[in-house]
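Have a look at the sequence and the fold first.

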Amino acid sequence: MTDATAPITQDVITIPRKLPEGSRTNLVGLTREQLRDALIGAGTPEKQAKMRVGQIWQWIYHFGLRDFAAMTNLAKDYRALLAEHFTIEVPEVVSRQISADGTRKYLVRIAGGHEVETVYIPEEGRGTLCISSQVGCTLTCSFCHTGTQKLVRNLTAGEIVGQVMLARDDLGEWPVPGEPKDETRLVSNVVLMGMGEPLYNFENVRDAMKVVMDNEGLTLSRRRITLSTSGVVPEIARTAEEIGCLLAVSFHATTDEVRDKLVPINKRWNIKTLLDALREYPRLSNSERITFEYVMLKGVNDSDADAKRLVKLIAGIPAKINLIPFNEWPGAPYERSDWERIEAFADIVYKAGYASPIRTPRGEDIMAACGQLKSATERARKSRAEIAAEAGL
Ligand code: SAH
Ligand code: SF4
């Protein structure tokens, strides 16, 4: 029998020991609440948890640090404890292509060896990062290359936030501790327009955007984030309420008959149902305009009658129409509309009072078409398209 009153003679020494790879939790992508729970779970006293979250958050998302040992405002023992339980990891960049116009395309490897693409599009005084939310897509839009690939899996919140972080790594955009903060933002905007349907991965996308929009760290305001959906109607109000970012919708057709073919999710939620949900969006999210994406397919959806129907349909919705010249891919059953047709369509929409920029075939389009290489003709068209886009704004 042991004597409960006997003095304890042996000191308990905890030797920090790293758990094997994979069993440590990656802190990237955890919301503040989740981070707090994780820290408490690892032995952080509850009373200190809020302060520790603030400190660690700043190291990870403001300074872009990946090494607990360098978190100099934390006690050495505590840094060791963190390293024992956690990692700070972003997906690996397998390759990087830089186009003549400065667009950077990253092939990014995520756990399990799957790959997604992330595209950085530099613009005057700002820059847009186009990120992926899924590997592949469950939907089968007939003009989309991703739609021909089966869904492999949803990205985790960490893999979504990680795309923003790896771009900042590559662009050298993290501030250096002790040095004055540079206010120019290279990654000033994020668009969820890469691979996948973000509203079919709602929770992870929402949590990732919470991290990105937090007012410390990456600090992108909700107005600098645009989520593009093919029209997952039940999640649209939730997007307004739980994320509050700007919304883009892959509209692409003005009759249910054509939209059923182009964006098959239309068979589930048709144009009317979609528009009803969209009418509510700006009010719920207190956001500005909704972007209607409209891919220009020769002889399919690009007539004057389509343009006129389009402006009628969206009447009353604060909107801009983003015309996307179709990116062809091997075996694609469509052709890009002629330039004159695109301009004529844009003109009708513009005269009806809507901005109608034509999306220039930059990195974003390489991304949208999933692996499409940019041709010389597309590049030559860029300046004309830019002029048209500016005129439409
Ligand atoms: N799944 C989401 C977001 C990713 S796609 C959605 O569908 O909204 C981003 C945009 O590129 C969408 O508007 C999509 O319809 C468009 N797109 C897809 N394939 C394209 C292609 N081959 N050419 C031009 N735009 C394309
Ligand atoms: Fe999926 Fe969007 Fe492509 Fe449709 S357009 S198949 S929703 S990625």
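Glu 335 and Lys 298 meet through their side chains in a salt bridge, 3.7 Å from N to O (the term means a side-chain nitrogen of Lys or Arg within 4 Å of a carboxyl oxygen of Asp or Glu). Glu 335 sits in the loop between β13 and α10 (339–351), and Lys 298 in the loop between β12 and α9 (304–313), so this pair ties together parts that are 37 residues apart in sequence. Helices here are DSSP runs of H or I with at least four residues, strands are runs of E with at least two, and the numbering goes from the N terminus. Lys 298 also forms a salt bridge with Asp 338, with the closest N and O atoms 3.3 Å apart. Asp 338 is in the loop between β13 and α10, so that pair ties together parts 40 residues apart in sequence.

Before going on, keep in mind that this is a predicted model: local features need pLDDT of at least 70, side-chain atom pairs count only at pLDDT 80 or more, and totals for chains, interfaces and linings use all residues. Residues are numbered from 1 along each chain as its sequence is written, chains are lettered from A and ligands numbered from 1 in the order in which they are written, and side-chain values use heavy atoms, with hydrogens and water left out.

How exposed are these partners? Lys 298 is partly exposed at 37% relative accessible area, and Glu 335 is partly exposed too, at 47% (buried is under 20%, exposed over 50%, partly exposed in between, with a 1.4 Å probe and protein chains only).

Elsewhere, Arg 32 and Glu 216 make a salt bridge at 3.9 Å, N to O. That one links distant parts of the chain: Arg 32 is in helix α1 (residues 32–41) and Glu 216 in the loop between α5 (202–213) and β10, 184 residues apart. The whole structure holds 26 salt bridges.

Now for ligand 1, which is surrounded by 20 residues, the closest including Gly 196, Ser 228 and His 252 (a residue counts when one of its heavy atoms lies within 4 Å). An oxygen atom of ligand 1 is 2.7 Å from an N or O atom in the side chain of His 252. A nitrogen atom of ligand 1 lies 2.8 Å from a polar backbone atom of Gly 196. Around ligand 2 you'll find Cys 137, Leu 139, Cys 141, Cys 144, Gly 147, Gly 196 and Ser 230.

Methods. A polar contact is a pair of N or O atoms within 3.5 Å; within protein, one must be able to donate a hydrogen and the other to accept it, and residues adjacent in sequence count only if both atoms are side-chain atoms.
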